[in-house]
Amino acid sequence: KALARVALADGDYPAALARAKTALEGNTLIGMRLAQVELLAIAGEASLAMGNGEATGHFDAMAAIAQALVCPPMLAQARFGQAASRPYERGADLAAEARAIMEAWVDRLTPDGRTAFLAYPERKRVLEGNYIGFSLPLRNRQSGRETGPLGLRPGFRATGEL
């Protein structure tokens with residue numbers, strides 16, 4: 001899990017995804033459900049960054065386990081990932097749910113606890129709410145261009161007309 005997280009932090013998304021999947025197999029085999037949730041989050045984020053189409057499955061599995069474990073922060077992250085991995089109009093309600101869950105959790109923390117908890121970017125981004133920006137493959141996020149998940153401008157149709 002640590003190697004997958006380091007690869008993700010370094011921006012090596014293919015390595016992060018491969019390491020998360022390998023670790024996920026082992027953790028699933030021995031029943032480490034919380035570790036599975038964290039690995040699915042890494043796999044989902046790497047998949048979004050690469051634009052490979054696998055993110056929805058990772059975030060859906062993450063949400064199911066987080067819900068079964070009654071782990072609100074991880075459920076919020078999963079809902080946010082689900083929002084980012086779906087068409088924008090279908091993601092809005094999931095992003096709002098994610099933010100409400102995270103706000104309720106953060107409100108319970110002391111100021112120092114809140115600072116420590118929100119030091120993780122994946123938690124902070126849920127509160128910021130920009131699921132559309134999170135959904136863009138990394139090459140599009142870095143360019144600052146307004147593009148969709150497939151690198152197409154919003155409103156672009158197969159005919160090439162706007």
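## Ground rules

Residue numbers start from 1 along each chain as its sequence is written, and side-chain values use heavy atoms, without hydrogens or water. Because this is a predicted model, local features need pLDDT of at least 70 and side-chain atom pairs count only at pLDDT 80 or more, while totals for chains, interfaces and linings use all residues.

## The nonpolar core

The largest nonpolar core has 44 residues. Such a core is a set of buried Ala, Val, Leu, Ile, Met, Phe, Trp, Tyr and Cys residues joined through side-chain atoms within 4.5 Å. Buried means under 20% relative accessible area, with a 1.4 Å probe and protein chains only. Met62 and Met102 touch the most other members. Elements giving two or more residues to this core include helix 1 (2–9), helix 4 (55–69), helix 6 (88–107) and helix 8 (121–128). Helix 3 gives the most, with nine residues. Helices here are DSSP runs (H or I, at least four residues), numbered from the N terminus.

Which residues does methionine 62 contact, leaving aside neighbours within four places in sequence? They are Val37, Leu40, Ala41, Met74, Gln77 and Ala78. Contact means heavy atoms within 4.5 Å.

## The largest pocket

About 290 Å³ of space lies in the largest pocket. A pocket is an open set of points on a 1 Å grid over the protein atoms alone, where a 1.4 Å probe fits, with protein on both sides within 12 Å along at least five of seven lines. Points are joined across faces, edges and corners, and the volume is the space filled by probe spheres set on them.

The lining has 21 residues, each with an atom within 4 Å of a point. Arg5, Ala41, Met74, Gln77 and Glu122 lie nearest the centre. By class, the lining has 13 nonpolar, two polar and six charged residues. Asp, Glu, Lys and Arg count as charged; Ala, Val, Leu, Ile, Met, Phe, Trp, Tyr, Cys and Pro as nonpolar; the others, Gly among them, as polar.

Alanine 23 is found in helix 2 (residues 13–29). Alanine 23 is buried because its relative accessible area is 16%. Beyond its neighbours within four places in sequence, alanine 23 contacts Lys1 and Leu39. The C-alpha atoms of alanine 23 and leucine 39 are separated by 7.4 Å.

Serine 135 lies in helix 9. Serine 135 counts as buried, at 4% relative accessibility. Its side chain reaches the backbone oxygen of isoleucine 132 at 2.6 Å. Not counting residues up to four places away in sequence, serine 135 touches Leu48, Ala84 and Tyr88.

Definitions and conventions
Buried < 20%, exposed > 50% of the residue type's maximum accessible area, 1.4 Å probe, protein only. Polar contact = N/O pair within 3.5 Å; in protein donor to acceptor, adjacent residues only side chain to side chain.
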